[in-house]
Amino acid sequence: MDVKAVIFDLDGVICFTDKFHYRAWKALADRLGIYFDEKINDRLRGVSRMASLEIILERSDKEYTQEEKEAFAEEKNNTYRELLKTMSPADLTDEVKNTLVELRNRGYKLGIGSSSKNTKFILERIGLGDFFDAIADGTDITHSKPDPEVFLIAAKKLGMEPTDCAVVEDAKAGIEAAKAGNMTALALFGDAKGCGLEDYDLKSFSDLLNIL
Ligand code: BG6
Ligand code: MG
């Protein structure tokens with residue numbers, strides 16, 4: 001595969017924070033009496049906090065004001081941040097760590113392209129605060145995945161052309177974003193794998209070392 005840089009999604013790819021997103025949304029949905037399950041949660045992968053809330057509220061028969069919605073999003077984020085505080089470098093698996101180090105040794109530029117506004121906090125918690133060559137996250141963008149904006153910003157920060165970049169994603173929305181941005185799309189877990197738009201399905205994170 002002829003790429004010079006790899007841009008990683010964060011939640012559900014570098015670490016298991018996708019599970020924390022689910023638990024925090026589930027707590028809010030339960031409090032509001034709204035049905036929510038793992039399958040609905042798959043649709044939240046890669047999309048912004050407010051867009052995620054709108055998907056959850058599809059199951060509600062009540063109409064909420066913008067102010068109420070903002071309070072719900074903040075409530076979810078507070079629950080989520082409490083869960084993030086429990087994370088430490090022990091939450092970065094050896095497989096992910098060793099693969100990242102080996103990719104760097106092979107000369108690849110490594111970046112993050114995440115819709116999350118908590119990206120830097122999470123990277124610090126798991127001991128990767130200074131690791132990546134570039135980070136594009138929810139604080140840099142106006143459109144979340146499937147818009148390619150976050151990946152295009154990451155490529156630019158890496159000094160790369162989009163066609164030189166491969167993206168690793170667990171979200172179908174992220175695979176769509178990578179393809180819309182003219183990048184190679186590698187699917188790992190989630191609803192990305194087998195979605196039909198990806199260039200390659202990764203068997204595991206370390207499978208990157210076989211194809212790059
Ligand atoms: C993405 C997650 O990485 O970040 C989404 O896959 C989430 O589920 C989005 O909604 C925004 O995250 P945050 O941390 O800014 O609420
Ligand atoms: Mg993800």
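Trainee: Why does ligand 1 lie between domain 1 and domain 2?

Mentor: This is a predicted model. Domain 1 and domain 2 both give residues to the shell around ligand 1, so ligand 1 lies between them.

Trainee: Where are the bounds of domain 1 and domain 2?

Mentor: Domain 1 is 5–15 + 89–211, and domain 2 is 18–84. Their C-alpha centres lie 24 Å apart.

Trainee: What makes residues of domain 1 and domain 2 count as in contact, and how many are there?

Mentor: Heavy atoms must lie within 4.5 Å. By that cut-off, 16 residues of domain 1 are in contact with twelve residues of domain 2.

Trainee: Which residues come nearest to ligand 1?

Mentor: Asp11, Val47, Arg49, Ser116 and Lys117, out of 15 residues around the ligand. By class, that shell has three nonpolar, eight polar and four charged residues.

Trainee: What makes the Val47 pair a polar contact?

Mentor: The cut-off is 3.5 Å between N or O atoms. A polar backbone atom of Val47 is 2.7 Å from an oxygen atom of ligand 1, so the pair meets the cut-off. Ser52 uses a polar side-chain atom, 3.2 Å from an oxygen of ligand 1.

Trainee: How much of ligand 1 does the protein bury?

Mentor: Taken alone, ligand 1 exposes 400 Å², and the protein buries 97% of that.

Trainee: Which pocket does ligand 1 take?

Mentor: The largest pocket.

Key. Residues are numbered from 1 along each chain as its sequence is written. Chains are lettered from A and ligands numbered from 1 in the order in which they are written. This is a predicted model: local features need pLDDT of at least 70, side-chain atom pairs count only at pLDDT 80 or more; totals for chains, interfaces and linings use all residues. Side-chain values use heavy atoms; hydrogens and water are left out. A residue is near a molecule or strand if one of its heavy atoms lies within 4 Å of it. A polar contact is a pair of N or O atoms within 3.5 Å; within protein, one must be able to donate a hydrogen and the other to accept it, and residues adjacent in sequence count only if both atoms are side-chain atoms. Accessible areas come from the Shrake-Rupley method with a 1.4 Å probe; for residues, only the protein chains shown count as cover. On a 1 Å grid over the protein atoms alone, a cavity is a set of points where a 1.4 Å probe fits but cannot get out, and a pocket is an open set with protein on both sides within 12 Å along at least five of seven lines; lining residues have an atom within 4 Å of a point. A molecule sits in a cavity or pocket if more than half of its atoms lie within 2 Å of its grid points. Ala, Val, Leu, Ile, Met, Phe, Trp, Tyr, Cys and Pro count as nonpolar, Asp, Glu, Lys and Arg as charged, and the others, Gly among them, as polar. Domain bounds come from an automatic or database domain assignment.
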